[in-house]
Amino acid sequence: MQKLPTQKTETNPAPVFTVITAVFNAEAFVRQAAESVLAQQFTDFEFFVIDDASTDKTPEILAGLAARDDRMRVLRNFENRGVAASRNRALECARGRYLAFLDGDDFWYPDFLGEMLSFMETGGFSFACASHERVDENLNPLRKPFIVPEAITRKELLQTCSIPLLTTVLDRKALGPVRFPLLPVNNDYALWLQLIRRAGTVHGNPKVLAVYRMRKGSVSSNKLRSMRYIWHIYRQQESAGFFRAAAMMLVYTFNGFKKYYGP
């Protein structure tokens, strides 16, 4: 297949979007994830995929996709650095005004970028997210779609994370520099808590624009490990005292149970 000449050069204007995907040993799903980005109806984007030293067929799959479309650029870590450091590596190269993120086992519907751009420009929003399906590894529905709240304040964000990484879009012009805290899990939540101080409110698009795979054994599915880092975020990043952090943890745990194990 002929390579698509769509990558912008140094002499051309920056793309509207920078899309970032960090992957590690994702051969089973990464093709679908990447193709869902490349198939977007809104085409003005650059796409960075960071291969975090995969040992399976992920590098070959990514090389084949990138060879066909100049908007896609693959960066490979020679040693495993973790998802936060990998995303930050791509952020150092990003030229787009808007940032969007997609994990290697999830995927977008073709209208995701276009819908989110319209949603943010119409509302004048700097920090937004959309709703998504929740399926198992074989795309069988597990629960009802997760519909994001219309608006999320910092107080509400401290009580539960209702901002899905796979549907979040950030306006760098309004928010300023974006870097993920170097935590093995919940680094997106830690970043959201930083950015909401600048944005004031996160705005939710009720449209279902993506598909989230709820995989057994995935990093995000390890809730006990996750709660350890939530505690770290409350105590270290948010400077909460012991008893306040403990109370926040109880609320977060209760809301998390409803979110992940409810209907």
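User: What radius of gyration would a compact globule with 263 residues have, and what does the protein have?

Analyst: This is a predicted model. With 263 residues, a compact globule would have a radius of gyration near 18 Å, and the protein has 18 Å, so the two agree. Along the principal axes, the C-alpha atoms fill a box of roughly 60 × 40 × 35 Å.

User: How many helices and strands does the protein have?

Analyst: There are nine helices and 10 strands. Of the 263 residues, 51% count as buried.

User: Which residues of helix 1 are buried, and what covers them?

Analyst: Helix 1 spans residues 30–38, and its buried residues are Val 30, Ala 33, Ala 34, Ser 36, Val 37 and Leu 38. Their cover includes strand 1 (17–23), strand 2 (45–51), helix 2 (58–66), strand 3 (72–76) and strand 5 (107–108).

User: How is a pair of aromatic rings described?

Analyst: Two values are used, the distance of the centres and the angle of the planes. A search of the whole structure finds 12 aromatic pairs. One of them, Trp 108 with Phe 112, is stacked, at 4.3 Å centre to centre and 25° between the planes. Both Trp 108 and Phe 112 are buried.

User: Why is the pair of Phe 119 and Phe 125 tilted?

Analyst: The ring centres of Phe 119 and Phe 125 are 5.2 Å apart and the planes stand at 55°, so the pair is tilted. Phe 119 is buried, at a relative accessible area of 19%. Phe 125 also counts as buried, at 19% relative accessibility.

User: Which residues do ring pairs link into a cluster?

Analyst: The cluster consists of Phe 101, Phe 127, Phe 180 and Trp 192.

Terms used: Residues are numbered from 1 along each chain as its sequence is written. This is a predicted model: local features need pLDDT of at least 70, side-chain atom pairs count only at pLDDT 80 or more; totals for chains, interfaces and linings use all residues. Side-chain values use heavy atoms; hydrogens and water are left out. Helices (H or I, at least four residues) and strands (E, at least two) are DSSP runs, numbered from the N terminus. The radius of gyration is taken over C-alpha atoms; the globule rule is 2.2 Å times the number of residues to the power 0.38. Buried means under 20% relative accessible area, exposed over 50%, partly exposed in between (1.4 Å probe, protein chains only). Contact means heavy atoms within 4.5 Å. Rings of Phe, Tyr and Trp (its six-membered ring) pair if their centres lie within 6.5 Å; planes under 30 degrees apart count as stacked, over 60 as edge-to-face and the rest as tilted.
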